[in-house]
Amino acid sequence: VRLTVLGKSPAWQDAGGACSGYLVQSGETDILLDCGNGVMGKLRRRIDYLELDAVFISHIHADHVLDLAPLAYALTLSPRQDVQGPPGPPIAAPVRPPLHLPPGGAGQLRRLVGSWGSDDLIDRAFVVSEYTPGEAVGAGPLTVVPTEVPHFTTTFALTVTDGGGRFTFSADCGPSEALVEAARGSSLLLAEATFSGAEAPEGAGHLTPEEAGRHAAAAGVERLVLTHISDEHDAAAAVARAAGEFGGPIEIAAEGTTYEI
Ligand SMILES: [Zn+2]
Ligand SMILES: [Zn+2]
């Protein structure tokens, strides 16, 4: 599995950066995990969006879904798609990639895009479905398993494998035994460490670097990649804090970096 970081920013973008978005590839199959603000432009630098085989969304928060809007506009308005475009020979089969959402996500996105326009934008662009917690969803050689984790809204960690490599993306979450169980058997844990500049408040829906390290150690993964960290925090300090809890290699997710798993 090849994992490329398109965007790793938290709720606001790094300078020149993007919010949550990860391109995952195996063979000819390309899937996108999350589509936060800024991700569309980063995705277009890597692949043709018409080649996306599926999009998976961890949860319906702005920094994980806002660029579904431009992606949906591209899929419906591009001259290569001509779904509702200018007169001319109709395109026989416009591309409509599957969009896999958390339970309730389809209605949330209809309300979001309906606040400025037609509420069926997402439904026209994608083949929309809502996944079932714990139930694997396939995309070519890739399998994605959603595991519910504690956050401020219904949220799922996503474990991805192609039968060879396997990694787990924490999504946004507070401390969670479910995340440890999901990551057990993965070689890489892509874990959020939002509280890189502070201790987590009680009942927080995010992790500190120490907590991310503890989850990686408990799950027995080989590598830890910290993400969802603002460029306004000290990256080296975050790695050092996580290293107190996890003995394997630790990196901060960097936009444009590819991990071979
Ligand atoms: Zn987030
Ligand atoms: Zn969130």
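Tutor: Start with contact: heavy atoms within 4.5 Å. The model is predicted. Among contacts in the protein between residues at least 6 apart in sequence, 58% join residues at least 24 apart.

Student: What makes the radius of gyration agree with a compact globule?
Tutor: The rule is 2.2 Å times the number of residues to the power 0.38. For 261 residues a compact globule would have a value near 18 Å, and the protein has 18 Å, so the two agree. Along the principal axes, the C-alpha atoms fill a box of roughly 60 × 35 × 30 Å.

Student: How many of the 261 residues are buried, as a percentage?
Tutor: Buried residues make up 54%. The cut-off is under 20% relative accessible area. The accessible surface of the protein is about 10300 Å², and 53% of that belongs to carbon and sulfur atoms.

Student: Why is Pro-70 called partly exposed?
Tutor: Buried needs under 20%, exposed needs over 50%. Pro-70 has 30% relative accessibility, so it counts as partly exposed. Pro-70 is in helix 3. Its C-alpha atom is separated by 30 Å from that of Arg-166, 96 residues apart along the chain.

Student: Now the sheet. What makes the pairing of its 7 strands mixed?
Tutor: Strands pair through backbone hydrogen bonds, either parallel or antiparallel. The open sheet has the order 7-8-9-10-11-12-13. Strand 9 (residues 155–161) and strand 10 (residues 166–169) run antiparallel, joined by 4 bridges. Strand 10 and strand 11 (residues 188–192) pair in the parallel sense, over 3 bridges.

Student: Why are strand 7 and strand 13 called edge strands?
Tutor: Strand 7 (137–139) and strand 13 (250–252) each pair on one side only. From one strand to the next, the twist averages 20 degrees.

Student: How do you know that strand 7 pairs with strand 8?
Tutor: Pairing takes at least two bridges. Strand 7 and strand 8 (residues 142–149) have 3, in the antiparallel sense. Gly-138 stands opposite Thr-143 in strand 8.

Student: What lies between strand 9 and strand 10 in their hairpin?
Tutor: There are 4 residues between them. Gly-163, in the turn, has a positive phi of about 90 degrees. Thr-159 stands opposite Thr-168 in strand 10.

Student: Which residue in strand 11 is the bridge partner of Phe-167?
Tutor: Leu-188. The chain crosses from strand 10 to strand 11 through helix 6 (residues 177–183), a right-handed β-α-β crossover.

Student: What makes that crossover right-handed?
Tutor: Point the strands away from you: a right-handed path from the first strand over the helix to the second runs clockwise. The crossover through helix 6 is right-handed.

Student: Where do helix 7 and helix 8 lie?
Tutor: Helix 7 (residues 209–219) lies across strand 11 and strand 12 (223–227), at about 155 degrees to strand 11. Helix 8 (residues 235–243) lies across strand 12 and strand 13, at about 150 degrees to strand 13.

Terms used
Residues are numbered from 1 along each chain as its sequence is written. Chains are lettered from A and ligands numbered from 1 in the order in which they are written. This is a predicted model: local features need pLDDT of at least 70, side-chain atom pairs count only at pLDDT 80 or more; totals for chains, interfaces and linings use all residues. Side-chain values use heavy atoms; hydrogens and water are left out. Helices (H or I, at least four residues) and strands (E, at least two) are DSSP runs, numbered from the N terminus. Buried means under 20% relative accessible area, exposed over 50%, partly exposed in between (1.4 Å probe, protein chains only). Accessible areas come from the Shrake-Rupley method with a 1.4 Å probe; for residues, only the protein chains shown count as cover. Axes are lines fitted to C-alpha atoms, for helices over the stretch in contact, and angles run from 0 to 180 degrees between N-to-C directions.
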